[in-house]
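Come along as I look things up.

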Amino acid sequence: RLSFTAIGSKIDFHDYSHDWKLAPQGDVRKFDRGYNLSVVWTHTLSANSFYNADLSYFYKGFKEHLYENPFDPNYIIDPSSVEQFQKGAYEFNHGGTNLHRFERRTETRVGKIDYTNQVSKLHEIKAGLEGKLHRLYLEDYSLIPLQTTGGSYVPAIPADTTAEYEQYTEKPVEFSAYIQDKLEYERMIVNIGFRYDYFNSKGNVLADPYDPNVYNPQKEENKALTLDQRLQKWYKKASAKSLFSPRFGISYPITDRGILHFSYGHFLQIPSFIHLYQKPWYKVTTASGTQGVYGNPDLNAQKTVMYEFGLQQQISDHLSFDLTGFYRDTRDWVTTSPQIPVRDSTGQTSTSYYTIYKNQDYANSRGLTLTIDKRTANLWSLNLSYTIQIAEGVNSNPDDAYRGFLDNKEPARSLTPLDWDQVHTANLTLGIGENDWGVFFLGRFGSGLPYTPVINQADQRGQDVARGVQSNSRRRPENYSVDVRLFKNFKLAPVSFSAFIKIFNLLDRRNEITVYGETGRATATPENLGAGNISPQGRINSIASYLNRPDFYSEPREIQFGIEAEF
């Protein structure tokens, strides 16, 4: 059997930006393009064996700019014109143009083959190979003013040797292989498997971390070389990474309707490409302070060891539940390295420092999941899932340590709740209907996510009060929503139709998804933020109006309706 799939998307949009609320025509527009082509060949070799071969190509492109032409004269670039649009704290932009331009393209070619063979009544063997070839392109800069001979200003692209311009093309490679044996004994089922992962970023790492900028070297022996000579000695290739991961699972019937199940496995996650390749030319300037964060193509994969143990029980012909406990231990979590000093040829440290991404942090999560499922009977069905968990780690975001350097804070040394540590999560789906009509209600509930409280300067008592506040030590308000889907199927031969109505956030609930650290809510007053004494003179808006943030709330009620046709 041969199948071919082609999926494409084209999205042009304009995000809401709070700062550009009064002048959205000056903010960047965004363009998203993507398509996926796939060919799958399925070949049955015998009554007990078959294989699937899959070739696919994936493309994703994203751009953001105000005008397509970077030299468009409509850009406001003249310093005297830009100055009149400068805004103060808690003030909206009232003119000007966003000069930022960004483009990212990702191409991935995938080859995959999976083989299954029921060797005997006891053994079912599965094995597979997969290879991925990536091509990543990124360009990121903001336009700068260029003065012409006549004295006027036109937009210009920063020189590619400066820190204001970033561009790269990278071609990482991935390969994986696995083999699994499913042993079906009379009283239990056992799954044993191994997986092999290989990854090569093919990126450049610095040969001398203390003299990072090839375009602006600090050591005298490097200053004497030409750029071509420096490029030949400046970088070395990152090492390829490979690892074996065992997997084990067992399910054991305790009654004719109850099963105990246990699983154990090692799982690898290749670091995000942005952590591998961000600012790959290490253009550290001589400015004082800490700069970064720069990518590290030599990062290891993040390793997670996962344990699960649970009970699956069939209560009746239509009702069952599954209770599962889990524990996940993650090491080599990506974070920010300690500050790396820039040194000259005498070994003296300059005032410049920079940081790169590094495998160093740790995280874990543990919890319990309960799922109750009632299959459709007597016109109704139900599915309820509830999870209670605790997710802790040293840092939630790889950039947290870098921000700590900038704020002169002590590095995190203990486990704190991670940004996504939602202790209670519940989802309920209730369906009423038959094959040709139905109404489905989907309810979601989540307890408050953590946030770090902020002590404004006016409320501080002593120099180190703000530094003593523990990360993610408070909770935001809980959130919930209800969605509804109604459908009616009918047929006008040879075409089948389905008319539907979808209502998202039926109750029009204003969930607070982002909060002010000073209040723990999506609302705040100037006094809460220590900004009550800012003079309103010369401002185009009050501070109170700026603090009204629609982007701090979830989306309002949305209703969609349509008809699907199938033939």
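Entry 1: I started with Leu129, and its bridge partner in β9 is Ala177. This is a predicted model, so I read everything below as such. I then looked up how β5 and strand β9 (residues 173-184) run: they are antiparallel, joined by 11 bridges. Next I followed Leu138, whose bridge partner in β8 is Tyr168. Strand β8 (residues 165-170) also runs antiparallel to β5, and 6 bridges join the two.

I turned to strand β4 (residues 100-117), which pairs with β5 in the antiparallel sense over 18 bridges. Here I found Lys112 standing opposite Glu130 in β5. I also noted that β4 and β5 form a hairpin, with 5 residues between them.

**Entry 2: the core.** Which residues have the most contacts inside the largest nonpolar core? I found Leu276, Tyr277, Leu299 and Tyr357, in a core of 13 residues. My strand from the first entry came up again: β5 (123-142) and α4 (273-277) are the elements that give two or more residues to this core.

Leaving aside neighbours within four places in sequence, I listed its contacts, among them Leu276, Tyr357, Pro271 and Val334. Lys241, His275, Lys358 and Asn359 are in contact with Leu299 too.

**Entry 3: an arginine in a loop.** I found Arg539 in the loop between β27 (495-504) and α6 (543-546). Is Arg539 buried or exposed? It counts as buried, because its relative accessibility is 17% and the cut-off is under 20%.

I then checked what Arg539 touches: not counting residues up to four places away in sequence, I got Ala89, Tyr90, Glu91 and Ile534. A polar atom of the Arg539 side chain lies 2.6 Å from the backbone oxygen of Tyr90. I also looked up Phe92, which is 447 residues from Arg539 in sequence but 9.2 Å away in space, C-alpha to C-alpha.

**Entry 4: backbone notes.** I came across a cis peptide bond between Gly292 and Val293, with omega about 0°. Val293 sits in strand β15 (residues 289-294). Another cis peptide bond joins Ala493 and Pro494, with omega about 5°, and I placed Pro494 in the loop between β26 (479-492) and β27.

I also jotted down Tyr282, a residue other than glycine with a positive phi near 50°. I found Tyr282 in the loop between α4 and β15, and it counts as buried at 3% relative accessibility. Asp508 is not a glycine either, yet its phi is positive, at about 55°. Asp508 lies in the loop between β27 and α6 and counts as partly exposed at 34% relative accessibility.

Note on methods
Residues numbered from 1 in each chain as written. Predicted model: local features only at pLDDT ≥ 70, side-chain atom pairs only at ≥ 80, totals over all residues. Heavy atoms only, no water. Core = buried A, V, L, I, M, F, W, Y, C linked by side-chain atoms within 4.5 Å. Buried < 20%, exposed > 50% of the residue type's maximum accessible area, 1.4 Å probe, protein only. Helix = DSSP H or I, 4+ residues; strand = E, 2+ residues; numbered from the N terminus. Contact = heavy atoms within 4.5 Å. Pairing = 2+ DSSP bridges. Polar contact = N/O pair within 3.5 Å; in protein donor to acceptor, adjacent residues only side chain to side chain.
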